[in-house]
Amino acid sequence: VSGTLDHPAIVGRASLANGSYLSDVERIQISQIAAALVFNRTSATLTRAFARLGSGTIQGQGTANFPNGFSAHGATLSIKGAARSAQFDLPAYGNGTLDATLALEKRSGAEALLAGNATLSDATLPFAAFIKAAQQSGSRATPPLPLAFNLQATAGKNVRVRGSGYGAGLDIGVAGSVKLGGTLAAPTLAGTF
């Protein structure tokens, strides 16, 4: 690393092989984590990223360019990723299996766009997570990130919302899909569950 914060020059490589993660935050072990990152002065390339989540996988690749240092001015980003039967168990948000193809693109002078599709299946989501999200939606202390959406989200087979404590006894089967559009500051939803 050389230069200044306004005009850094980063050259080198970083890699990770055979990593793993398990905690109370994510109770399904993430294993076989591998990634390779290459820096070329004012850009970074993630040449490969892979991990096994339960019996499924996630993988991705991407590039970032930062010609004007670590400011957003002139920065570009392109990341693509896929999840195939990736299992998760997040006590605060639920558990299930995710299949997705996502892309995050940020062009110079434009807001970032998250696009693609995601399907949730064999999942249980706690009713309390929806209540908490609704209570927090109107109380933003900081302005939202400049992020736009073109995302299709689907509740596939065997998706349930269950209540305990607040909402005890609630058990609802969910199916359908919704398209998330707009921006983080003004999102839009169209679809049916």
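These numbered points go through a predicted model of a protein, from its overall layout to its pocket and cores.

1. Overall layout. The protein contains 11 strands and one helix. Following the sequence, the elements run β-β-β-β-β-β-β-β-α-β-β-β. The C-alpha trace spans about 60 × 40 × 25 Å along its principal axes.

2. Surface and burial. Of the 193 residues, 26% are buried. The accessible surface amounts to about 11800 Å², and carbon and sulfur atoms account for 59% of that area.

3. Contacts along the chain. Take the contacts between residues at least 6 apart in sequence: 47% of them link residues at least 24 apart.

4. The largest pocket. Its volume is about 1200 Å³. The lining has 29 residues, and Tyr93, Leu120, Leu125, Phe130 and Ala133 are the ones nearest the centre of the pocket. By type, the lining residues are 24 nonpolar, three polar and two charged.

5. Where the lining comes from. At least two lining residues come from each of β7 (94–106), β8 (112–126), α1 (127–136), β9 (147–164) and β10 (166–182). The most are given by β9, which supplies seven.

6. The nonpolar cores. Eight residues form the largest nonpolar core: Ile30, Ile33, Ala51, Leu53, Ala83, Ala86, Ala100 and Ala118. Strands β3 (30–41), β4 (43–53) and β6 (76–90) each contribute at least two residues to this core. There is also a second, separate core of six residues, among them Phe88, Ala123, Leu125 and Val159.

Notes. Residues numbered from 1 in each chain as written. Predicted model: local features only at pLDDT ≥ 70, side-chain atom pairs only at ≥ 80, totals over all residues. Heavy atoms only, no water. 1 Å grid on protein atoms, 1.4 Å probe; cavity = no way out; pocket = protein on both sides within 12 Å on 5 of 7 lines; lining within 4 Å. Points joined across faces, edges and corners; volume = space filled by probe spheres on them. Helix = DSSP H or I, 4+ residues; strand = E, 2+ residues; numbered from the N terminus. Nonpolar A, V, L, I, M, F, W, Y, C, P; charged D, E, K, R; others polar. Core = buried A, V, L, I, M, F, W, Y, C linked by side-chain atoms within 4.5 Å. Buried < 20%, exposed > 50% of the residue type's maximum accessible area, 1.4 Å probe, protein only. Contact = heavy atoms within 4.5 Å. Areas by Shrake-Rupley, 256 points an atom, 1.4 Å probe, with all protein chains shown as cover.
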